[in-house]
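This report walks through one protein model.

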Amino acid sequence: MKYLIVGLGNIGDDYSDTRHNIGFTVLDALAGASNTFFTDKRYGSVAPARYRGRDIILLKPSTYMNLSGNAVRYWMDREKIPAPNLLVVVDDIALPLGSFRMRPKGSDGGHNGLAHITSVIGTDVYTRLRIGIGNNFRKGSQVNYVLGQWNDEEKKILNERIPVINEMILSFVLTGTELTMTAYNKLGKMPKSDD
């Protein structure tokens, strides 16, 4: 069994450590915990990993966000990975910071990376793991917010949540989407603050 885990983001120093690059951040942490390393390959940086007898390919596309589907299709074809074994990790402004939620299919929710993947691979039936980056921006400043860097408080929250998110990814590899959703989606809800 082989799985493709794709973290969406944009390459280059200008985009490093930004909210839109949460997919890259999660995969970097997962690679570190799995004692594997990314190397530059066609259409992206790739790291091989194994988990309980299953082969995993971690992919950070180098195509920029809006053309992510080109990288996903290439690696799915090259490694003969079916859509049910694809997981895409993506940022979501509709979820509070630190929240996360897995879904087995669905719309792109206005996310250009997901839209391109769906268009290129010809189906929206693939698992996506949405990670909340919050929506603490004024009207008209969404782009600056999404492409902005995390502040220290946000980083602290993320650093606490990423290990759980990576457990969830490994659960997907081991048990599939439905059982993982049942076990982890409730953990993905951030507790409401008192203020």
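## Strands 6 and 7

Strand 6 and strand 7 run antiparallel and are joined by four bridges. Arg103 has Arg128 of strand 7 as its bridge partner. Strands here are DSSP E runs of at least two residues, helices are H or I runs of at least four, and both are numbered from the N terminus. Two strands count as paired if DSSP finds at least two bridges between them.

The model is predicted: local features need pLDDT of at least 70, side-chain atom pairs count only at pLDDT 80 or more, and totals for chains, interfaces and linings use all residues. Residues are numbered from 1 along each chain as its sequence is written, and side-chain values use heavy atoms, with hydrogens and water left out.

The seven strands form an open, mixed sheet in the order 2-3-4-1-5-7-6. Its edge strands are strand 2 (39-41) and strand 6 (100-103), each pairing on one side only. From one strand to the next, the twist averages 25°. Axes for such angles are lines fitted to C-alpha atoms, for helices over the stretch in contact, and angles run from 0 to 180 degrees between N-to-C directions.

Strands of a sheet pair through backbone hydrogen bonds, either parallel or antiparallel. Strand 2 pairs with strand 3 (residues 44-51) in the antiparallel sense, over three bridges. There, Lys41 has Gly44 of strand 3 as its bridge partner. Strand 3 and strand 4 also run antiparallel, joined by eight bridges.

Two pairings are parallel. Strand 1 and strand 4 pair that way over five bridges, with Lys2 opposite Asp55 in strand 4. Strand 5 and strand 7 are parallel over six bridges, and Leu87 stands opposite Thr127 in strand 7.

## Burial and helix packing

Which strand is largely enclosed by the rest of the structure? Strand 7 is, because six of its six residues are buried. Buried means under 20% relative accessible area, exposed means over 50%, and partly exposed lies in between (1.4 Å probe, protein chains only). In a regular strand the side chains alternate between the two faces of the sheet. Both faces of strand 7 are covered: Thr127, Leu129 and Ile131 are buried on one side, and Arg128, Arg130 and Gly132 on the other. Strand 4 is mostly covered, with six of its eight residues buried.

Helix 3 (residues 112-121) lies across strand 5 and strand 7. It runs at about 155° to strand 5.

## The largest pocket

The largest pocket has a volume of about 430 Å³. A pocket is found on a 1 Å grid over the protein atoms alone, as an open set of points where a 1.4 Å probe fits, with protein on both sides within 12 Å along at least five of seven lines; lining residues have an atom within 4 Å of a point. Grid points are joined across faces, edges and corners, and the volume is the space filled by probe spheres set on the points.

The lining has 19 residues, of which His20, Gly110, His111, Asn112 and Gln142 lie nearest the centre. Strand 5, helix 3 and helix 4 (142-146) each give two or more residues. Helix 4 gives the largest share, three residues. By class, six lining residues are nonpolar, nine polar and four charged. Nonpolar means Ala, Val, Leu, Ile, Met, Phe, Trp, Tyr, Cys and Pro; charged means Asp, Glu, Lys and Arg; the others, Gly among them, are polar.

## Loop residues

Most residues other than glycine have a negative phi. Asp17 has a positive phi, near 65°. Asp17 lies in the loop between strand 1 (2-7) and helix 1 (22-33). It is partly exposed, at 29% relative accessible area. Lys80 also has a positive phi, near 55°. Its loop links helix 2 (68-79) and strand 5 (86-92). Lys80 is exposed, at 72% relative accessibility.

Ile11 sits in the loop between strand 1 and helix 1. It is partly exposed, at 31% relative accessibility. Leaving out residues up to four places away in sequence, Ile11 touches Phe24, Pro61, Ser62 and Tyr64. Contact means heavy atoms within 4.5 Å. Ile11 and Phe24 are 13 residues apart along the chain, and their C-alpha atoms are separated by 9.2 Å.
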